[in-house]
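Colleague: I have just opened my first protein model. Could you show me how to read it, step by step?

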Amino acid sequence: MATTKNGKQPAHRPSRRQHIIAAAVRVFGRNGFAETSIQDIADEAEVVPTAVYYHFDGKEELLELAMRRVFDQLNAVVEAARPESEPGDAEGLVRVIDAVWEWVERNPDEARLYQVQVASANGSVKVLRDEFEQRHIQRGYDYLPEGSTRSPRAAKARHAGQALAVRTLISTTMLVTALRAEGGPLSGLPSRAVLQAVRELALRIVAAEETSAGQQRPAEQQGPEKKVASRT
């Protein structure tokens, strides 16, 4: 491997760009954005700082590209586990949970970056996060029953409940993996036991929505006798 006189790797090699992004993933995940410098990323990548600036405008661009890498990987993992062309069912939901769990286990640096940055995202990273969340929110609705109500108020309430259910489905796995990080409150528990608990919670959420959809129709859809009885 070619190096410069100071032992650092040269800037211009095409593969160096991805090498530096990978280093940025690790450093941002460890230190956060504010506490990370270009020098830190250069040291992690074993290049001189000018090599970083040769490929990137600065650490803002590097954070955006690092987060894009994380989101692209997660999108690919979820799509492989349950393609959008397949219906959303309990089996598919468990496959997705297992696939994301395995991705976290195999990619601790990317998972840590997600956990550190996704909640505080702003600017271009926030745009990426919002696109990512919206995509998976739409996919999440596939797991819930459609249902129908004639009352606008009931429809609004049902939509709010389903939106909460979907967001819970999406966030549970990643939040639990954050709690399993070294020193976290779940770090001492066996991985498979925690994964099983996540699966069961997700299936309970779906089952609760199915029960809600199958409950008795609201009063405005019932006959006159039922409406009267419901008021007494």
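Modeller: Gladly! Let us begin with exposure: a residue is buried under 20% relative accessible area, exposed over 50% and partly exposed in between, using a 1.4 Å probe and protein chains only. At 33%, Arg135 is therefore partly exposed. Do keep in mind that this is a predicted model, where local features need pLDDT of at least 70, side-chain atom pairs count only at pLDDT 80 or more, and totals for chains, interfaces and linings use all residues. Residues are numbered from 1 along each chain as its sequence is written, and side-chain values use heavy atoms, with hydrogens and water left out.

Colleague: What percentage of the residues in the protein chain is buried?

Modeller: Of its 232 residues, 38% are buried. The surface can be described as an area too, calculated by the Shrake-Rupley method with a 1.4 Å probe; for residues, only the protein chains shown count as cover. The chain exposes about 13,300 Å², and 53% of that comes from carbon and sulfur atoms.

Colleague: How many helices and strands are there?

Modeller: Both are DSSP runs numbered from the N terminus: helices are H or I with at least four residues, strands are E with at least two. This chain has 10 helices and zero strands. As for contacts, meaning heavy atoms within 4.5 Å, 67% of those with a separation of 6 or more involve residues 24 or more positions apart.

Colleague: How many salt bridges are there?

Modeller: A salt bridge is a side-chain nitrogen of Lys or Arg within 4 Å of a carboxyl oxygen of Asp or Glu. The count here is 16. In one of them, Arg30 meets Glu44 at 2.9 Å, N to O. Arg30 sits in helix H1 (residues 16–31) and Glu44 in helix H2 (residues 38–45), 14 residues apart. Arg30 is partly exposed at 48%, and so is Glu44 at 25%.

Colleague: Which residue forms a salt bridge with Arg135?

Modeller: That partner is Glu84, at 3.9 Å from N to O. Glu84 lies in the loop between H4 and H5, while Arg135 belongs to helix H7, 51 residues apart. Glu84 is partly exposed, with a relative accessibility of 47%. Another bridge joins Glu133 to Arg167, with the closest N and O atoms 4.0 Å apart. Here helix H7 supplies Glu133 and helix H8 supplies Arg167, a separation of 34 residues. Salt bridges can also share partners, and in this way Glu79, Glu84, Arg135 and Arg139 form one network.

Colleague: And how do I look for empty space inside?

Modeller: Rolling a probe the size of a water molecule over the atoms shows where empty space is left. On a 1 Å grid over the protein atoms alone, a cavity is a set of points where a 1.4 Å probe fits but cannot get out; lining residues have an atom within 4 Å of a point. Grid points are joined across faces, edges and corners, and the volume is the space filled by probe spheres set on the points. This model has one cavity of 30 Å³ or more, and the largest cavity holds about 300 Å³. Its lining has 16 residues, and the closest to its centre are Val78, Val96, His136, Leu169 and Ile170.

Colleague: Which helices each supply at least two residues of that lining?

Modeller: They are H4 (59–81), H5 (90–106), H7 (123–140) and H8 (152–179). By class, the lining has 12 nonpolar, three polar and one charged residues. Here Ala, Val, Leu, Ile, Met, Phe, Trp, Tyr, Cys and Pro count as nonpolar, Asp, Glu, Lys and Arg as charged, and the others, Gly among them, as polar.

How values were computed
1 Å grid on protein atoms, 1.4 Å probe; cavity = no way out; pocket = protein on both sides within 12 Å on 5 of 7 lines; lining within 4 Å.
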